[in-house]
Amino acid sequence: MDTSSPSAFVNGSLMRRYIGQKVRTVVQVIGSDVGSVVGKSTDDLQIFVKGSPPTTPTTYLEVIGIAESENSIRAEVKTNFGNNFDPLNYNELCKLANGEFKHFFI
Amino acid sequence: MANSVTQDGIATVLSSQSSSSVRPEIVVQVIDLKPVGNRYTFNANDGKKKIKVVLPATLTSDIISGKIQNLGLIRLLDYTANDIPGNSEEKYLLVTKCEVVACALDSEIKDSTGIVLKPKDKFVAKSASQRINEQSGNAAPAARMAMTRRVHPLVSLSPYQGSWTIKVRVTNKGVMKNYKNARGEGCVFYVELTDEEGTQIQATMFNAAAKKFYDTLQMGKVFYISKGSLKLANNQFKTVQNDYEMTLNENSVVEESKNEEMSVPETKFNFVPIDELGAYVNQKDLIDVIGVVQSVSPTMSIRRKSDNEMIPKRDITLADETKKTVVVSLWNDLATGLGQELLDMADKYPIIAIKSLKVGDFQGVSLSTVSRSNVVINPDIPEATKLRSWYDSEGKETSMSAIGSGMSPSANNGSRAMYSDRVCLSHFTTNPSLGTDKPVFFSTRAYISFIKPDQVMWYRACKTCHEKVTEAMYSGYWCENCQKKNEEYSLRYIMAVKVSDSTGEAWFSAFNDEAEKIIGCTADELRKLKSEEGKVNKFQTKLKEATWSEHLFRVSVSQQEYNSEKRQKITVKSVSRIDFAAETRLLLRDISKNKNTSQF
């Protein structure tokens with residue numbers, strides 16, 4: 001497993017803990033433009049993603065990149081996560097991964 | 001400055017929390033190191049300021065071994081500053097990584113100017129701001145009381161600390177019980193106390209103390225309590241999550257807090273959705289539910305078997321978003337008092353939340369109140385709001401089914417029952433006598449780990465009734481059940497498969513329909529593959545493909561005699577694909593159930 005560049009699982013409200021660091025999150029795509037995507041985080045906050053959306057985008061998008069502010073990410077990797085994704089489960093994962101089970105994650 | 005604290009370290013930490021990526025490493029002195037449950041807390045001293053610090057249970061061994069010492073110096077490497085709930089001015093640090101710098105110094109480090117900020121000073125500031133918010137009438141005496149009292153969080157109490165005062169709300173109260181034992185007669189009652197941080201503790205009072213405080217300690221009111229004693233909680237009779245329990249005697253002090261606002265979370269509920277109640281049937285754990293009242297029965301009088309006394313009972317039907325209903329039996333006062341209230345407002349379909357219900361198996365699943373049960377009508381919590389809007393928009397019209405009816409072994413709609421009665425395979429291996437009287441049903445998620453290629457996998461079956469057929473004279477096949485001779489038979493599976501999960505392994509028997517789903521083809525087709533010649537053994541391949549696939553099984557467990565020995569027999573009643581989102585929700589629920597709810 002390549003652990004050279006770890007990214008923390010975040011939702012909208014956890015982003016502020018990792019400003020300047022690499023994060024990963026899944027957003028529901030609300031709108032997209034050339035060079036940027038506007039998404040809704042799993043805890044219903046707005047996230048701006050810098051980077052062009054994939055050519056055939058699905059409803060949910062995973063973004064891995066540097067958190068530039070508490071609501072924007074400069075994307076390095078974007079992956080389609082399909083149309084059937086449970087945002088509540090992912091949100092709970094983010095809370096656990098940053099809370100009492102933080103030591104399980106890099 | 002290796003052997004001293006970081007100057008203004010605490011101030012630096014608190015001011016840098018807004019830009020969260022920088023975490024300054026500071027050296028602080030450990031003061032007031034003490035255990036709380038299985039974790040340790042201390043006050044970090046930098047010579048000028050003090051801040052409360054909580055250490056995770058993982059560092060407890062370092063403290064016990066003497067590496068981290070009271071009055072010693074440690075460097076905080078990784079931590080977060082959090083607000084103390086209910087107290088926006090104070091923060092505490094949750095330290096996840098630290099290293100020892102020096103062992104115990106002679107004394108507490110004080111600022112060179114000789115002024116040390118003692119906790120009492122901070123507290124005066126707090127009550128001053130509180131005073132500003134007070135109502136005009138009783139401001140003076142209340143503020144005076146607050147100033148002289150230092151309130152300790154419930155989580156910091158221990159049997160070794162003598163003088164504390166707590167500010168708590170009575171969130172549950174038992175009735176006064178009279179008892180007789182070898183030492184004589186007496187009376188006792190208990191209350192459940194909750195403080196602003198949500199920590200709960202049980203407090204018991206006997207005889208004189210019981211009589212003294214019974215009327216004072218009313219449900220829902222807030223009190224300052226001091227001079228009680230703590231001891232380790234008796235696990236058998238634990239009603240709240242706390243390592244300790246409290247006893248108040250005649251010298252204890254209980255003062256009602258009349259005017260101050262206390263943001264104590266009202267009752268902490270841990271709701272189980274109605275469609276998941278199956279797993280709790282006849283278990284000793286009490287559960288909480290929330291639902292819309294669909295119907296209220298009149299009061300019934302039931303004769304209690306133990307003493308022939310007649311006690312009132314009322315049944316109500318609750319429904320929730322899982323589109324399932326369940327009957328809750330209210331007993332005694334809940335039947336007469338609260339039950340009547342519910343009957344009067346039944347046409348408004350109120351939402352009720354009930355804490356501490358016993359789960360029984362009457363009609364599949366039934367809920368019953370116990371003396372500890374706590375019912376809140378239309379509670380002001382988010383789950384109630386969600387239920388209300390669901391019911392008003394769609395719930396009212398949807399046809400729902402009683403949770404008990406989903407417990408039958410009907411194989412077809414196994415999916416509904418797949419999330420109740422959930423167990424791991426270890427449940428079967430550690431309970432070899434399951435299903436001794438009558439078969440028991442469970443659902444379980446497991447992987448097929450082995451299908452023996454050279455077992456008898458199928459039998460010749462009658463095409464009409466599926467029973468076994470025998471070869472008839474000359475030609476054809478005879479079905480004893482239909483009393484008919486058939487030209488052909490069809491092959492039907494009867495297969496033993498080995499399954500595994502993270503807790504163990506077991507052998508399941510699968511019949512035709514379920515085995516078809518596991519293998520992916522009919523028995524006739526599989527037999528054809530077996531008889532095919534060729535380089536590739538397609539039969540083995542088919543079995544291999546079915547191995548290490550994960551399924552959701554509904555099984556029945558019974559006892560079978562085998563060579564005069566009783567053996568556990570597990571039969572697959574239905575198989576379905578894994579719904580990852582639903583499984584994740586189950587896992588999340590298990591995680592929160594197993595979590596140690598003591599916050600610090």
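Predicted model: local features only at pLDDT ≥ 70, side-chain atom pairs only at ≥ 80, totals over all residues.
Residues are numbered from 1 along each chain as its sequence is written, chains are lettered from A and ligands numbered from 1 in the order in which they are written, and side-chain values use heavy atoms, with hydrogens and water left out.

Read along the sequence, the elements of chain A follow the pattern β-β-β-β-β-β-α. Of the 106 residues in chain A, 36% are buried, and by buried I mean under 20% relative accessible area, with exposed being over 50% and partly exposed in between (1.4 Å probe, protein chains only). If we take the contacts in chain A between residues at least 6 apart in sequence, 52% of them join residues at least 24 apart, a contact being heavy atoms within 4.5 Å. The accessible surface of chain A comes to about 5700 Å², and 54% of that belongs to carbon and sulfur atoms; these areas come from the Shrake-Rupley method with a 1.4 Å probe, and for residues only the protein chains shown count as cover.

Turning to chain B, which residues of helix α5 (residues 207-214) are buried? They are Ala209(B), Ala210(B) and Phe213(B). Because they cover an arc of only 100 degrees around the axis, they sit on the same side of α5(B), the arc being that of the directions from the helix axis to the C-beta atoms. What these buried residues of α5(B) pack against is a set of strands of chain B, namely β8 (184-195), β9 (200-206), β12 (244-248) and β13 (253-256).

Next comes a pair of helices in chain B, α10 (residues 523-531) and α11 (residues 538-546), whose axes come within 7 Å and cross at roughly 130 degrees. Axes here are lines fitted to C-alpha atoms, for helices over the stretch in contact, and angles run from 0 to 180 degrees between N-to-C directions. The two helices α10(B) and α11(B) are therefore oblique to each other, since angles under 35 degrees count as roughly parallel, over 145 as roughly antiparallel, 65 to 115 as roughly perpendicular and the rest as oblique. On the α10(B) side the contact is made by Leu526(B), Leu529(B) and Lys530(B), and on the α11(B) side by Lys538(B), Phe539(B), Lys542(B) and Leu543(B).

Let me finish with some individual residues. Asp32(B) is found in strand β1 of chain B, and its phi is near 55 degrees, a positive value in a residue other than glycine. Most residues other than glycine have a negative phi. Asp32(B) is partly exposed, with a relative accessible area of 38%. His466(B), in the loop between β22 (458-461) and β23 (469-471) of chain B, also has a positive phi, near 70 degrees, and is partly exposed at 34% relative accessible area.

Conventions
Helix = DSSP H or I, 4+ residues; strand = E, 2+ residues; numbered from the N terminus.
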